[in-house]
Amino acid sequence: MIVLSNWLPTLLGKHSLVVLLEKNSLITAMFLVGAILLVSSLMSRKLTGGRIHPSAIGIFIGLAFAYVGGITTGGEHGLADVSLLAGIGVLGGSMFRDLAIVATAFGVRLQEFTATGLSGIISLVLGIFVSFLIGGLVAYGFGYRDAESITTIGAGAATYIVGPVTGSALDVSSEVIALSVAAGLVKSILVMTLTPFVAKWIGLDNPRSALIFGGLMGTTSGVAAGLAATDAKLVPYGAMTATFYTGLGCLLGPSLIYMIVQSIV
Amino acid sequence: MVIYGTALLAFCMLVGLVAGQLLGILLGVGKNVGGVGIAMLLLIVLSDWLRRRDRLPTPTQQGVLFWSSIYIPIVVAMAASQNVVKAASGGWLALVAGVTTVLACLALVPVLSRLGTGGEDNPESQSGAKE
């Protein structure tokens, strides 16, 4: 006891434990994100019976933490403004994010892409343009008038990845990027939960419609979880086209679509 | 070696970003035009080429696969470092945008499915369905 009372203040003091964690903030961030995803997986299984994918819960917790961080620090970078957790900003910054997104393309085979066929390609292109169009219109309706913000929010309506990638390419504020992530998250959760209920109405009972569904929806986690809850056999077909969606969205968003929006606004 | 895979990934990302930047200058928008997308396409093409020439052993693949499997955790970290306080005031926008997009795209599923079955002699769509 005597020993404990001796070293505890030193350990918690400004010059030891806190400084140690601050110095290793990227590692602290890795641990924290791992803990968040562990909790998300548990919540996904226990509370939703696996219906809502852990990734969606994890992103929601991340946004909630960013809110708390923003309130407590008054800063603009969510949890990353807490000096102990500055590593969150590094881990979730555009450098690592873009690297990880590019890496996801590695699983894609060229012959799979051609096997997707015409209907897959049409559904992909249509899905991306419709999402950008509706997201952009909603952004305009809510008072956004600059092409950059409209494109970014439209990109968020595509997926919560296309949003921030487009947003950082177009140099928009963190607030607009957060909005695009939130819009993508709403989409992803809706696709997960709604799909089994509407499957009958939209004829989602064969590989071909699953393939089209994946291309139109695009959110990989949403499509995979939604199809799994509908008919597990359909998952690979939907997931296959959905994996192309993010890449295509990241390619078209900050280029062709931005220029179209720019010419209209 | 694992680092070969990571280096390949880094190479694709750098080339993509440089190409995106050049494209941005060329088009006069001064921004990075589709750099990440270009990098993804490059990685698909390069890894396919290497795989066919048997130059993609498991360790090399692991150097890329680690980063693709860490993608969701990074997105969680990204979400945690956004200006959510300010965005929350426009929370309705996110909700409206998400809901309307999903409904519109769901409605398009039967439309596109029907379009395809109209041309059943289309070999492309058939092979796509069978795979």
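How many residues of chain B are in contact with residues of chain A? In this predicted model, 75 residues of chain B are in contact with 96 residues of chain A, contact meaning heavy atoms within 4.5 Å. Residues are numbered from 1 along each chain as its sequence is written, and chains are lettered from A and ligands numbered from 1 in the order in which they are written. Because the model is predicted, local features need pLDDT of at least 70 and side-chain atom pairs count only at pLDDT 80 or more, while totals for chains, interfaces and linings use all residues; side-chain values use heavy atoms, with hydrogens and water left out.

The size of an interface is often given as the accessible area lost when the parts come together. Between chain B and chain A the buried area is about 7,500 Å², and carbon and sulfur atoms give 80% of that area. Buried area here is the accessible area (1.4 Å probe) that two parts lose on being put together, summed over both. On the side of chain B that touches chain A, the elements giving two or more residues are α1, α2, α3, α4 (71-80), α5 (84-88), α6 (91-118) and α7 (123-130) of chain B. Helices are DSSP runs (H or I, at least four residues), numbered from the N terminus. The largest share of this side, 22 residues, comes from α6(B). By class, the side holds 48 nonpolar, 20 polar and 7 charged residues; Ala, Val, Leu, Ile, Met, Phe, Trp, Tyr, Cys and Pro count as nonpolar, Asp, Glu, Lys and Arg as charged, and the others, Gly among them, as polar.

Helix α1 of chain B covers residues 2-26. Its 25 residues reach 36 Å from the first C-alpha to the last, close to the 36 Å expected at 1.5 Å a residue, where the expected span is 1.5 Å times one less than the number of residues. Among the buried residues of α1(B) are Gly5(B), Leu8(B), Leu9(B) and Cys12(B); buried means under 20% relative accessible area, exposed over 50%, and partly exposed in between (1.4 Å probe, protein chains only). The buried residues of α1(B) pack against α6 (94-104) of chain A, together with α2 (35-52) and α3 (58-69) of chain B. After α1(B) comes Gly28(B), with a positive phi near 75°.

Helix α3 of chain B contains Ser68(B). This serine counts as buried because its relative accessible area is 18%. Apart from neighbours within four places in sequence, Ser68(B) is in contact with Ala100(A), Ala103(A) and Thr104(A).

Salt bridges come next. Side chains of opposite charge can pair when their charged atoms come close. The rule (a side-chain nitrogen of Lys or Arg within 4 Å of a carboxyl oxygen of Asp or Glu) gives 2 salt bridges over all chains, and 0 across the interface of chain B and chain A. One joins Arg97(A) to Asp98(A), with the closest N and O atoms 3.1 Å apart, and both of these residues are buried. Another links the side chains of Arg52(B) and Asp48(B) (3.1 Å, N to O). Both partners lie in helix α2 of chain B, 4 residues apart, about one turn of the helix. Arg52(B) is exposed, with a relative accessible area of 64%, whereas Asp48(B) is buried at 7%.

Within chain A, Tyr245(A) is found in helix α14 (residues 235-264). Tyr245(A) counts as buried because its relative accessibility is 0%. Leaving aside neighbours within four places in sequence, its contacts include Leu124(A), Ile128(A), Lys187(A) and Met217(A).
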